[in-house]
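Student: I have a model open and would like to work through its contacts and folds. Can we go step by step?

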Amino acid sequence: MMTTMTGADAEIKKALDDTRALVLAAGFGTRLRPITEDIPKPLLPVVARPLIEQALAILNAAEIKNVAINAYYHAESLVEAFAKGTRFGQKVTISHEKPNILGTGGAIKKLEDFLSASDPFIVCNGDTLSKPDLRQLIDEHKRSGAMATMMLRRDRRALRFGTVQVDGEGAVVDIAGRLKRRGENEGLFIGVHAISPEIFQHMPAEESFCINADVYLPLLTQSPGSVRAVFTDTPFFDLGTPDDYAAAQFVAMEQKPCPFPGTIFGMIEGPQGVFVSQRAHVDRSATLNGPCAVCDGAIIEKNVEIGPEIVIGAQARIKEGCRIARSIVMPRCVVEKPKRKLWRRIIGSDFVLPID
């Protein structure tokens with residue numbers, strides 16, 4: 001059936017074609033250590049793919065092809081990972097922050113020339129899992145004339161991270177209780193915003209600052225209605241702790257359809273939620289209980305029993321006779337046969353972390 005593009009549709013498509021984005025990836029991942037000791041959190045594998053690929057996937061779904069990524073902690077790893085762009089064909093500009101990390105606001109300010117080429121531009125976290133509709137966000141932002149539009153989710157975890165209060169007209173009136181104001185609605189900020197270049201006129205002189213605390217909060221008083229909110233029902237995982245990191249991967253394997261299909265990209269799904277890479281080797285005597293995933297180059301030896309709820313990372317090796325469930329085995333890790341079944345663990349080459 002032939003469809004006709006309306007004038008409004010054409011305007012939205014042009015906005016998307018011209019839109020630029022910043023993926024925030026400079027943080028230390030402190031709460032995940034020692035998992036992040038030698039790798040930046042955005043490059044941590046989530047099932048079969050790096051975490052940051054989810055942010056790049058949602059940008060790609062909105063046809064956003066001009067992307068900047070800021071880098072500080074293990075910056076060289078991010079530079080190497082995206083030297084040739086992304087698997088989605090996006091052109092990547094690496095913004096290397098040195099000698100000091102700049103915070104969310106400073107990261108945006110440093111890229112003023114790059115980001116100001118589109119109105120609005122998108123900023124999203126490179127270390128969370130979500131799947132919002134950026135077309136909806138951009139459309140709502142342009143309709144409202146806001147300076148910034150935050151994507152929120154109605155979520156009881158908002159109390160843990162700090163709620164965003166929104167009035168009946170969609171304007172943000174408070175963030176994390178700093179102004180002691182209540183709105184008709186409240187939500188959890190999922191780290192995705194649409195921002196107009198006008199925002200640069202309201203940034204502090206400092207190099208390092210927070211966009212929420214140091215730009216948005218003052219605007220709530222100085223220019224009411226200039227910061228607005230759009231609600232989304234996207235699944236959302238922060239992955240801030242080892243428990244969160246493991247739980248998100250179990251959900252990605254277990255839920256049907258997969259809420260984050262990019263995480264299992266390149267995997268072949270067998271019966272009962274068993275995902276195995278074509279480049280993995282699984283001995284015929286091994287038992288795989290889904291949901292589970294065996295990633296690129298992993299080796300499962302004789303008489304191994306894995307799962308349910310387990311990810312065997314790329315190039316990991318599970319030696320003969322091991323029994324492991326509800327665990328994450330990190331890439332290149334070798335697991336020897338333990339005295340008893342391994343259960344509720346994140347297993348690295350030089351650490352073992354308990355998880356709930």
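**Charges, rings and strands**

Tutor: The charged end of Arg154 sits over the ring of Phe231, 3.9 Å from the ring centre. A charge counts as over a ring if NZ of Lys or CZ of Arg is within 6 Å of the ring centre and within 35 degrees of the ring normal. This is a predicted model: local features need pLDDT of at least 70, side-chain atom pairs count only at pLDDT 80 or more, and totals for chains, interfaces and linings use all residues. Residues are numbered from 1 along each chain as its sequence is written, and side-chain values use heavy atoms, with hydrogens and water left out.

Student: Over the face of which residue does Arg87 lie?

Tutor: Apply the charge-over-ring test to Arg87. Its distance from the ring centre is 3.8 Å. The ring belongs to Phe265.

Student: How many aromatic pairs does a search of the whole structure find?

Tutor: Rings of Phe, Tyr and Trp (its six-membered ring) pair if their centres lie within 6.5 Å. Planes under 30 degrees apart count as stacked, over 60 as edge-to-face, and the rest as tilted. The search of the whole structure finds four.

Student: Why is the pair of Phe28 and Tyr72 classed as it is?

Tutor: The ring centres are 5.7 Å apart. The planes stand at 80 degrees, so the pair of Phe28 and Tyr72 is edge-to-face.

Student: How many residues apart are Phe28 and Tyr72?

Tutor: Phe28 is in the loop between strand 1 (20-24) and strand 2 (45-46). Tyr72 is in the loop between strand 4 and helix 3. Helices (H or I, at least four residues) and strands (E, at least two) are DSSP runs, numbered from the N terminus. The pair links distant parts of the chain, and the separation is 44 residues.

Student: Is Tyr73 buried or exposed?

Tutor: Buried means under 20% relative accessible area, exposed over 50%, and partly exposed in between (1.4 Å probe, protein chains only). Phe28 has 32% and is partly exposed. Tyr72 has 25% and is partly exposed. Tyr73 has 11%, so Tyr73 is buried.

Student: Which residues form one aromatic cluster?

Tutor: Phe28 also pairs with Tyr73, at 5.6 Å centre to centre and 55 degrees between the planes, a tilted pair. One cluster takes in Phe28, Tyr72 and Tyr73.

Student: What is the bridge partner of Ile69 in strand 5?

Tutor: Two strands pair if DSSP finds at least two bridges between them. Strand 4 (residues 66-71) and strand 5 (residues 91-96) pair in the parallel sense over six bridges. The partner of Ile69 is Ile94.

Student: Which are the edge strands in the open sheet of four strands?

Tutor: The order is 16-19-22-24, with parallel pairing. An edge strand pairs on one side only. Here they are strand 16 (281-282) and strand 24 (334-335).

Student: What is the bridge partner of Ile318 in strand 24?

Tutor: Strand 22 (residues 317-318) runs parallel to strand 24, joined by two bridges. The partner of Ile318 is Val335.

Student: What separates the C-alpha atoms of Ala205 and Leu78?

Tutor: Ala205 lies in the loop between strand 11 (185-195) and helix 8 (211-222). Ala205 counts as exposed, at 76% relative accessibility. Ala205 and Leu78 are 127 residues apart along the chain, and their C-alpha atoms are separated by 28 Å.
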